[in-house]
Amino acid sequence: MGRVSAAEKYDEVGEDRPLCACHGELMKWVVYDRSVGGYWQCAAKRRERCRAWRRANPEIAKDSARKGSHAFRERNSAVVDEEIARRGGRCEHPGCEETERLEWHHRDPSIREFRISQGRQKVKPDRLREELAKCDLLCYPHHLLAEARR
């Protein structure tokens, strides 16, 4: 049979996706094993199982959620700090030597994918670096001036 991705399975069945007998929701194709393929799963049943597991294991659930976001925040904060150091650690406005209260200013907000503050927690380091490349490092007063000029 081989591995079938969810997109391939949905193309194969078209509008004929099965409905869950208990909840009446459309089922999702879940890939779990390369040799076997996957199976149809009710999203509501999966949510119920996950909630039951979290209730039965509150400390593990809380700890794993905390570790995930903390690791991203630490790693991406290091990426931002490296970029600040690479740019000299000061405001990039000509003639400005300010090293405090530095902020990221998107040169073209229409191509912005996310705010840098959000990216510290939620994106992979490579995507964060790409977004930082679209920005200028400005001190607070010069960032206000740049925003006012838009």
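**Starting with one serine**

I began at Ser117, which sits in helix α4, a stretch covering residues 116-122. I'm working from a predicted model, so I keep that in mind throughout.

Partly exposed is what lies between the buried cut-off of under 20% and the exposed cut-off of over 50%.

**Zooming out**

I counted up the whole chain next and found six helices and four strands. Going from the N terminus, I wrote the order down as α-β-β-α-α-β-α-α-β-α. Of the 150 residues in the chain, 27% are buried.

**Helix α5**

Which residues are buried in helix α5 (residues 125-133)? I noted Pro125, Leu128, Glu131 and Leu132. These four span an arc of only 120° around the axis, so they lie on the same side of α5.

**A charged patch**

On the surface I found a patch of positive charge formed by Lys28, Lys45, Arg46, Arg49, Arg51, Arg54 and Arg55. Helix α2 (residues 43-56) supplies the largest share of that patch, six residues.

Arg51 has a relative accessible area of 45%, so I put it down as partly exposed. A residue needs over 30% to join a patch, so Arg51 passes that cut-off.

Key. Residues numbered from 1 in each chain as written. Predicted model: local features only at pLDDT ≥ 70, side-chain atom pairs only at ≥ 80, totals over all residues. Heavy atoms only, no water. Patch = residues over 30% accessible without salt bridge, like charges linked within 9 Å, V, L, I, M, F, W, Y side chains within 5 Å. Areas by Shrake-Rupley, 256 points an atom, 1.4 Å probe, with all protein chains shown as cover. Salt bridge = Lys/Arg side-chain N within 4 Å of Asp/Glu carboxyl O. Lys, Arg positive; Asp, Glu negative; His and termini not counted. Charge placed at Lys NZ, Arg CZ, Asp CG, Glu CD. Helix = DSSP H or I, 4+ residues; strand = E, 2+ residues; numbered from the N terminus. Buried < 20%, exposed > 50% of the residue type's maximum accessible area, 1.4 Å probe, protein only. Arc of directions from axis to C-beta.
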